[in-house]
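Me: I would like to learn how to read a few local features in a structure. Could you take me through them one at a time?

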Amino acid sequence: MRRKQARQLKQAVRTHHDAGAMHELLHRSVKFQHKRLALLRCLQTERMGIVVDAAILLYCQRIADTMTPDALDAIMRRAAMQTK
């Protein structure tokens, strides 16, 4: 997936709450081993009511386990704000 495609997916999520686009963005973040971004997108995906694969949940749980409570809280607040 090229950056242009990622931008289009982000736009689809923002404007249409497109579940398929959110799912693709999450998988892209995990593929590229993004940490904070993958966790953020995982939280956003769950808030949209999309089922997240167990392997991705495990990846994100491992990331969350390494974070300070303040950093984790900031990501959770950001996820909540962006999925309203």
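Reply: What follows covers a buried serine, two loop residues and a pocket. This is a predicted model, in which local features need pLDDT of at least 70, side-chain atom pairs count only at pLDDT 80 or more, and totals for chains, interfaces and linings use all residues. Residues are numbered from 1 along each chain as its sequence is written, and side-chain values use heavy atoms, with hydrogens and water left out.

Me: Is serine 29 buried or exposed?
Reply: Buried means under 20% relative accessible area, exposed over 50%, and partly exposed in between (1.4 Å probe, protein chains only). Serine 29 has 0% relative accessibility, so it counts as buried. Serine 29 belongs to helix α2, residues 19-31; helices are DSSP runs of H or I, at least four residues, numbered from the N terminus.

Me: What does serine 29 touch?
Reply: Contact means heavy atoms within 4.5 Å. Residues up to four places away in sequence aside, serine 29 touches His34, Leu37, Ala38 and Arg41. With arginine 41 there is a side-chain polar contact of 2.7 Å. A polar contact is a pair of N or O atoms within 3.5 Å; within protein, one must be able to donate a hydrogen and the other to accept it, and residues adjacent in sequence count only if both atoms are side-chain atoms.

Me: Which residues have a positive phi although they are not glycine?
Reply: Histidine 17, at about 50°, and glutamine 33, at about 55°, are two such residues. Histidine 17 sits in the loop between α1 (3-16) and α2, and glutamine 33 in the loop between α2 and α3 (36-47). Histidine 17 is partly exposed because its relative accessibility is 46%; glutamine 33, at 58%, is exposed.

Me: How much space lies in the largest pocket?
Reply: On a 1 Å grid over the protein atoms alone, a pocket is an open set of points where a 1.4 Å probe fits, with protein on both sides within 12 Å along at least five of seven lines; lining residues have an atom within 4 Å of a point. Its volume is the space filled by probe spheres set on the points, which are joined across faces, edges and corners. Here the largest pocket holds about 210 Å³. Of its 12 lining residues, Lys10, Val13, Arg14, Gln44 and Gln82 are the closest to the centre.

Me: What does glutamine 82 contact?
Reply: Beyond its neighbours within four places in sequence, glutamine 82 contacts Leu40 and Gln44. The side chains of glutamine 82 and glutamine 44 form a polar contact of 2.4 Å.
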